[in-house]
Amino acid sequence: MGSLRPPAWAFGATPEQADELLALVLSGIKTATSGALWDYEAEGEELPTPGALDIVTDGRGVPHALIVTTQVDIVPFDEVGAEHAFLEGEGDRSLGTWREVHERFFTEHAVHGRGFSRDMPVVLQRFAVLYSEPSAGLGN
């Protein structure tokens with residue numbers, strides 16, 4: 001009997017974002033992520049579920065980490081809390097920075113046609129790293 005390979009993907013929408021966010025994961029700073037529910041629906045992509053395994057790659061598609069989803073919530077954009085923003089680990093880790101960065105991201109990289117809305121549903125995913133490869137050369 002064969003084994004199943006977890007899905008592999010990168011954070012962000014560009015190779016540079018993927019490398020930057022992966023570095024935060026490998027350093028233990030980033031333990032959460034978020035995505036627009038409308039993008040999941042537009043792409044026909046399944047929502048993350050607690051217990052699911054994923055392989056996280058760098059911007060070139062090279063695997064670096066195996067993560068397990070520990071919690072998933074769906075909340076309106078304007079109800080995402082400071083704790084989640086901190087766990088995403090980006091910038092100064094504040095809710096203000098999270099909202100600024102994610103409003104821009106959800107506007108510039110949307111695959112759905114609904115535009116940005118402060119009450120748009122956002123999928124909040126928390127995860128733990130089960131295994132990671134060294135990040136030597138990441139982003140180079």
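A residue is called buried when its relative accessible area is under 20%, exposed when it is over 50%, and partly exposed in between (1.4 Å probe, protein chains only). With that in hand, look at Phe127, which is buried at a relative accessible area of 5%. Before going further, please note that this is a predicted model, in which local features need pLDDT of at least 70, side-chain atom pairs count only at pLDDT 80 or more, and totals for chains, interfaces and linings use all residues. Residues are numbered from 1 along each chain as its sequence is written, and side-chain values use heavy atoms, with hydrogens and water left out.

What does Phe127 pair with? Its partner is Phe11, in a tilted aromatic pair with 5.9 Å from centre to centre and 35° between the planes. Phe11 lies in the loop between strand 1 (8–9) and helix 1, while Phe127 belongs to strand 5 (residues 121–132), so their pair ties together parts that are 116 residues apart in sequence. Here helices (H or I, at least four residues) and strands (E, at least two) are DSSP runs numbered from the N terminus. Rings of Phe, Tyr and Trp (its six-membered ring) pair if their centres lie within 6.5 Å; planes under 30 degrees apart are stacked, over 60 edge-to-face, and the rest tilted. Phe11 is also buried, with a relative accessible area of 3%.

Lys30 lies over the face of Phe11, 5.2 Å from the ring centre. A charge sits over a ring if NZ of Lys or CZ of Arg is within 6 Å of the ring centre and within 35 degrees of the ring normal. Arg93 gives another example, with its charged end 3.7 Å from the centre of the Phe86 ring.

By the pairing rule the count comes to six aromatic pairs. Ring pairs also link Phe77, Trp98, Phe105, Phe106 and Phe116 into a cluster.

Back in strand 5 you will find Val129, which is partly exposed at 36% relative accessibility.

Now for the spaces. On a 1 Å grid over the protein atoms alone, a cavity is a set of points where a 1.4 Å probe fits but cannot get out, and a pocket is an open set with protein on both sides within 12 Å along at least five of seven lines; lining residues have an atom within 4 Å of a point. The largest pocket has a volume of about 1,000 Å³, a volume being the space filled by probe spheres set on the points, which are joined across faces, edges and corners. Its lining has 38 residues, with Trp9, Ala10, Gly12, Ser34 and Tyr40 nearest the centre. Helix 4 gives the most to this lining, six residues.

A search of the whole structure finds one cavity of 30 Å³ or more, and the largest cavity has a volume of about 40 Å³.
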